[in-house]
Amino acid sequence: MTRTLSALLAPSSLALVGASDDASRIGGRPLRYLREAGFAGRIYPVNPKRDSVQGLPAFADIAALPEVPDTAILALPASATLAAVQACADRGVPTATIFSAGFAEMGDEGRALQSRILASAREAGLRLLGPNCLGVFNPAAQYYGTFSVILDGQLMQPGPVGVVSQSGAYGSHLAHLARKRGLGISKWVTTGNEADIDLSEALSWLVEDPQTRVIMAYAEGVQDRDRFIAALEGARQAGKPVVFMKTGRSTVGAEAAASHTAALAGSDAVFDAVLRQFGAYRAATTAEQIDVAYACARSIDSAGGLPSGNRIGIFTMSGGFGIQLADDSEAAGLDVSPMPEPAQAELLKALPFAAPRNPVDATAQAVTDMGLLTQSVRAMLEQGGYDIFTAILGTGPGSPTFSAKLRAALQAAQPEQGSKILRALTMSAPDDAVRAYEDDGFLVYEDGSALANALGALVQFSAAFARPATDPAALSMDQQDLPDGPVSEAGAKRLLARAGIPFPPEHLVTDAAGAAQAARDLGGPVVIKIASPDIAHKTEVGGVAVNIPADQAEARAARMLADIAQAAPKARIEGLLVAPMAPEGVETIIGVSRDPVLGPVVMFGLGGVFVEVLRDVTFRAAPFDRAEAQRMIRDIRGYPMLEGVRGAGRADIEALAQLLSDLSRFAFAHRDQVAGIDLNPVRVLPEGRGVLALDALIDFGKDPA
């Protein structure tokens, strides 16, 4: 562990500044929890008004402590925090946690106070967690540096799940729900206003922590884009699922996030795509976040681990429930493949009115003949070829007269040790019955839809973890010397062509006669466009003419120049671009924007109605390689258009992926200069014939004169 992480989460000594003798107060709860947990380190309550606090000797201030503690917890009003931070800095304390609110989230005055506190800490090398946070805890070290009320009456058990949350209340609720689900916590970190230590750094700690196998995260915004992405990629390479709750989907939510933690929410669609890009799972609800984290923790700690594929077998004693789970499974991206024919014949021989396909329905007959249940389940596990097995048990496991027989029959059906099939159940039963089935190696859910969704998430994690790390050479690109001001379409194409973006052969001419000659050279018909750094939207001023025969090019070009002179008299005119009409293909739109949180991102979608009405687009953080570009292309709902529909051939998806990757590398290499790029349209030609960007616009962040 890093020095900062060790000091904050596994200190050998700590000072509690503002310690209270009242164990129910913010300054009293951490001391109470530490004593109840049996924390073995040295605790120094700091309270100038008392000689002792909760039975421990108290000290007047940090300077009076007999040693420099590893960490300090500041349970003080905002007005007293600056002096306390300075005292810690003067004494050489390496880390401190600030509980108090009343800083950047409150406006300019609070922001100024927070900045002064941070400056004081940084000058001394003091790392700060908070302010406006609930602190940290580490059950394995019996360390509870928090005032969260979820620890009233019951402390946390150690386990594989780490929690990092900008919101202390939300992080507390996650830990509480995890405990109810039987999950232990490895480390728990709340970051609050993130004056210093932010969510990205804390997430990196959990990725590197060997006790943490699964991470639940909550964020309203991200401060350090590069560290955040590096943490997500580190988790993917380490095979650690990150189950993320990101708020700020709506305009109202984004505004609330800014006021709550002084964080900039950024584009929700971009954030969603970036999580997917780096193998994290975004939960839509808190219940889903717990459901998925539970599945990850239980499956990773089992002998089988994450499923290697998405084939699911469903056993039921009720056709209706089986069909419902099959529907939910397909919606979650799982393959409800039928049982092999010989296995179906075997089951029909035992029970002629069974439904042996998949779901395998042994009917209510299995309630009275447990041998049928055992036979059916064993056939599915041994002959089905499934990666995942599920059984719908209903209320049976809670029945006093039925539960023991049911569990025994299910146990008898299990294969020998070493099976890689992930096993799960839906059932409603008391906690002790649920824990018993979990001990047998099953994931247990009460709701079938939640189970199917969680299993789909496991398959997504498995696929993400199987992807190799990207070669850094595939992401780099040398910087070009870019102009300071706007460029015309011709200028944008020259810059992007050097980055590998393909364009049609074009001629830049200065007058109508030149346009006529270019049209004859190209063989017509042609496209004629005005070339001006001051005209970004050419169609609005009559600056585009399409399908012009060569013998009409001169007249059309002359009229265009005259129209532009009237419509935009102050525009600088470089000339006219003359290009051949592009061959037929699938029209797409590709662009780059600079997200305020996640930096340069590439957008991709099909053109026309797909983008204008359906908004069928996806995003990726730049840079990315061709393999990621392929996944990006498959993200959109209109992807089948590229594969070919109604007799059309397959488009050149490989060339499209190369263009997307090259554009992402250019955008990242010039991220400080380029605010946006539009390639619209990009024509994807039939397979093997490449792609052509028909128009290009580069925004350097300055409005044209």
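User: In this predicted model, in what order do the four strands of the open antiparallel sheet lie?

Analyst: The strand order in this predicted model is 20-23-21-22, and the pairing is antiparallel. The edges are held by strand 20 (507-509) and strand 22 (544-548); each has a single partner strand, so one side of each is left without a neighbour in the sheet. On average, neighbouring strands are turned by 25° against each other, direction ignored.

User: Over how many bridges do strand 21 and strand 23 pair?

Analyst: Strand 21 (residues 526-531) and strand 23 (residues 575-580) are joined in the antiparallel sense over six bridges. Within this pairing, isoleucine 530 stands opposite leucine 576 of strand 23.

User: Which strands does helix 19 touch where it packs on the sheet, and which does helix 20 touch?

Analyst: Helix 19 (residues 512-522) touches strand 20, strand 21 and strand 23, and its direction makes about 15° with that of strand 23. Helix 20 (residues 553-567) touches strand 21, strand 22 and strand 23, with its direction at about 25° to that of strand 21.

User: In what order do the five strands of the parallel sheet lie?

Analyst: This open sheet has the order 2-1-5-6-7, with parallel pairing. Strand 2 (42-46) and strand 7 (127-129) are at the edges with a single partner strand each, so one side of each is left without a neighbour in the sheet. From one strand to the next, the twist averages 20°. Strand 6 (residues 95-98) pairs with strand 7 in the parallel sense over three bridges, and threonine 97 stands opposite leucine 129 in strand 7.

User: How is the packing of two helices described?

Analyst: The description of two packed helices rests on the angle between their axes and the distance between the axes. Here, the axes of helix 10 (residues 286-300) and helix 17 (residues 448-466) come within 9 Å and cross at roughly 55°. The two helices are therefore oblique to each other, and helix 10 passes helix 17 in a right-handed crossing.

User: Which residues meet between helix 10 and helix 17?

Analyst: Glu288, Asp291, Val292, Ala295, Cys296 and Ser299 in helix 10 meet Ala450, Asn453, Ala454, Ala457, Leu458 and Phe461 in helix 17. By class, this contact has eight nonpolar, two polar and two charged residues.

Conventions
Residues are numbered from 1 along each chain as its sequence is written. This is a predicted model: local features need pLDDT of at least 70, side-chain atom pairs count only at pLDDT 80 or more; totals for chains, interfaces and linings use all residues. Side-chain values use heavy atoms; hydrogens and water are left out. Axes are lines fitted to C-alpha atoms, for helices over the stretch in contact, and angles run from 0 to 180 degrees between N-to-C directions. Angles under 35 degrees count as roughly parallel, over 145 as roughly antiparallel, 65 to 115 as roughly perpendicular and the rest as oblique. A crossing is left-handed if the near helix is turned anticlockwise from the far one by less than a right angle, and right-handed if clockwise. Contact means heavy atoms within 4.5 Å. Ala, Val, Leu, Ile, Met, Phe, Trp, Tyr, Cys and Pro count as nonpolar, Asp, Glu, Lys and Arg as charged, and the others, Gly among them, as polar. Two strands pair if DSSP finds at least two bridges between them.
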